[in-house]
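Here are a few friendly notes to read alongside the coordinates.

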Amino acid sequence: MTDIIKLLPDSVANQIAAGEVIQRPASAVKELMENAIDAGATQIDLVLRDAGKSLIQVIDNGCGMSETDARMCFERHATSKIRKADDLFAIRTMGFRGEALASIAAIAQMEMKTRRTTDELGTHIIIEGSVVQDQQLVSCQEGTVIVVKNLFFNVPARRNFLKSNQAEMRHIFDEFYRISLINADIGFTLTHNEKEVYHLYPGNLKQRIVALFGNVFNQRLLPVDQQTDSVSVSGFIGKPEFARKTRGEQYFFVNNRFIKHPYLHHAVANAFQELLPKDSFPSYFLHLTVDPAAIDINIHPTKTEVNFQETQLIYAILHAAVKKSIGQHNLSPMLDFSSDQAIDIDFGEISKASREVSPPGVTINPDYNPFDQQRAKPDWQNKPRQQAQGDWRVLYEDKEETAENKSETPIDKTDESGSKEETKSLGTAKFMQLHQQYIITVVKSGLMIIDQHLAHWRILYEKFMKQLASATFDSQQELFPHPIQLNAVDAEILHELKDELSLIGFSIEDMGQRSFVINGTPAGYPGHEPAALLERVIENFKHNHQDLHLDKKLNLARSMSVNLAIRSGKQLSEIEMATMVDRLFACQVAEVAPDGRKIIGILPIQNLQTLFK
Ligand code: ADP
Ligand code: MG
């Protein structure tokens, strides 16, 4: 038999490698932008068409390449960033594997113009599926322009695997945010389908956060700053009261590189713990600087993990630094500190403690949660469901019947003519509010208890569903237009929801550059600041979309209604309670809230009787 093993041609090997490095347009965007940063650029422009599927162009004013390097850079394992194995432990550049350009060239049609300051002429190269088509000297700008056309043109399986433009754009924004956040001193632009989406001027981290995520962040950030021997931590955390329902803005960087690190995330989340409303996530933008020798970043290029030598130590320092930042910023009354330690965390001590680190000396009252309305949870509420068995409609009808039959149960009738003196069981009221959370009324079999927030949520939910199904507008012109600026992902959602939002009463004008003006809001909900309401609705929408995969209209109706529904803690008049109950019973599904929670409970009379045994 003849030998059968052969070395793969470079173009095939590159294509295989490309499968690992370049999974979607966003991976190419990341690699090209990182190369521009490594080249020392101070201005980087990203131009995209069709979410990068047909065009990705990166223009930088960095160091450029010589004629030979311009050809070399497309070879696999060709890099200017490391030379020997030892260099792997002192990496300060973003790239070092020398495979990005080779990979992209294997699966796309590429073109590059590059010139160093010292050269009079630059180099123009056209390369397609790893094959150089043309190379010439040209006059061009200093720096490098790389154009990537028709990604995966020769790998149809991959191309078909790509998601919608919207989904691919989301991945690109993720990469763009990560890179532009940690390089706030570099100017960036992002243009998609001829529209400029971002124009970021060089500045500091705070300015960059605001430019990316909207001016609301101006008031939301607390600085974090801590230097120790082993690590320095800097950046910002979001104030606890602005925590989000979706894991939106959570960024860790180590030595200028974005990373994901569940353990370190825990250190931050844990420092916030008692201060966050349930099911919400803190925002953070934190940069850790460590000795490059103390971490191992030699992992797969598409992964964002990093191994620290002293993870526990870094955990403790990070945790303490975040806690200190929260403590220092007037939130201290919310924390039950046993001493001033919280502010005066001894970072020297933590460093010395090295491996056997115990959590920093801050004591928090674990039961204290300023956002948790001390919910009154009477025992009976926790008893098994059977106690509230039976169809509420029957019960409610019972109530009406008995109201008419005054001799049986002394309850006032719904109409005003009912004789008040016979209403005994709930004083003079037919409806009573308990702990500003429950509406209580008497029915034949006992007490009917209605959760006011859930009831209102259900009522509004069905109302918005109806509005979304019809074409009636019910908008209220705002006296003054309200401006709002969103991040690109939220702005995209707003575009997507434009028609539906106007059906439920919003009148919104697109001013370009992710800026909008709210001219009208749904009529009948005073006390809701329009911009904040819209922001919360989008936030909820995102959350429902990610976690529940809800249909668009259902999702919007649900997000709107939950934000406008009255909360527990609101005092209701008797008329308001009566109206609420009537409207609830007019709903198609009155028993459960849109999220499946029960709205109505019955406390059977027998249970009351047992109290007196
Ligand atoms: P790596 O970044 O891991 O070295 P790449 O394939 O991304 O590998 O790039 C190969 C080489 O090409 C880099 O090491 C660098 O010398 C050069 N290069 C790539 N992009 C640029 C650029 N925008 N400006 C200057 N040089 C670049
Ligand atoms: Mg690179």
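1. A word on terms before the first point: helix axes are lines fitted to C-alpha atoms over the stretch in contact, and the angle between them runs from 0 to 180 degrees, taken between N-to-C directions. Please also keep in mind that this is a predicted model.

2. Let's begin with a helix pair. Helix α1 (residues 10-21) packs against helix α4 (residues 100-107) at an angle of about 105 degrees, and their axes are 8 Å apart. Angles of 65 to 115 degrees count as roughly perpendicular, and α1 and α4 are therefore roughly perpendicular to each other. On the α1 side the contact is made by S11, N14, Q15, A17, A18 and V21, while α4 brings A102, S103, A106 and I107. Sorted by class, this contact of α1 with α4 has six nonpolar residues, four polar ones and no charged ones.

3. Next, the overall picture. The protein chain has 19 helices and 23 strands. Its length is 613 residues, of which 51% count as buried. If you take the contacts between residues at least 6 apart in sequence, 69% of them join residues at least 24 apart.

4. Now for the cores. The largest nonpolar core contains 64 residues, and L46, F176, Y177 and Y198 have the most contacts inside it. Helix α6 (residues 165-182) supplies the largest share of this core, eight residues. A second, separate core has 51 residues, including F431, L486, V581 and I600.

5. F176 deserves a look of its own. Setting aside neighbours within four places in sequence, F176 is in contact with M33, L46, F188, T189, L190, Y198, L200 and L212. Two of these partners, L46 and Y198, are named with F176 among the residues with the most contacts inside the largest core.

6. Finally, V29, which lies in helix α2 (residues 25-38). Is this residue buried or exposed? V29 has 0% relative accessibility, and because buried means under 20%, V29 counts as buried. With neighbours within four places in sequence left out, V29 is in contact with L46, L48, I56 and I172. For one of these, I56, the C-alpha atom is separated from that of V29 by 7.1 Å, although the two residues are 27 apart along the chain. As general background, nonpolar side chains tend to be buried together in soluble globular proteins.

Note on methods. Residues are numbered from 1 along each chain as its sequence is written. Chains are lettered from A and ligands numbered from 1 in the order in which they are written. This is a predicted model: local features need pLDDT of at least 70, side-chain atom pairs count only at pLDDT 80 or more; totals for chains, interfaces and linings use all residues. Side-chain values use heavy atoms; hydrogens and water are left out. Helices (H or I, at least four residues) and strands (E, at least two) are DSSP runs, numbered from the N terminus. Angles under 35 degrees count as roughly parallel, over 145 as roughly antiparallel, 65 to 115 as roughly perpendicular and the rest as oblique. Contact means heavy atoms within 4.5 Å. Ala, Val, Leu, Ile, Met, Phe, Trp, Tyr, Cys and Pro count as nonpolar, Asp, Glu, Lys and Arg as charged, and the others, Gly among them, as polar. A nonpolar core is a set of buried Ala, Val, Leu, Ile, Met, Phe, Trp, Tyr and Cys residues joined through side-chain atoms within 4.5 Å. Buried means under 20% relative accessible area, exposed over 50%, partly exposed in between (1.4 Å probe, protein chains only).
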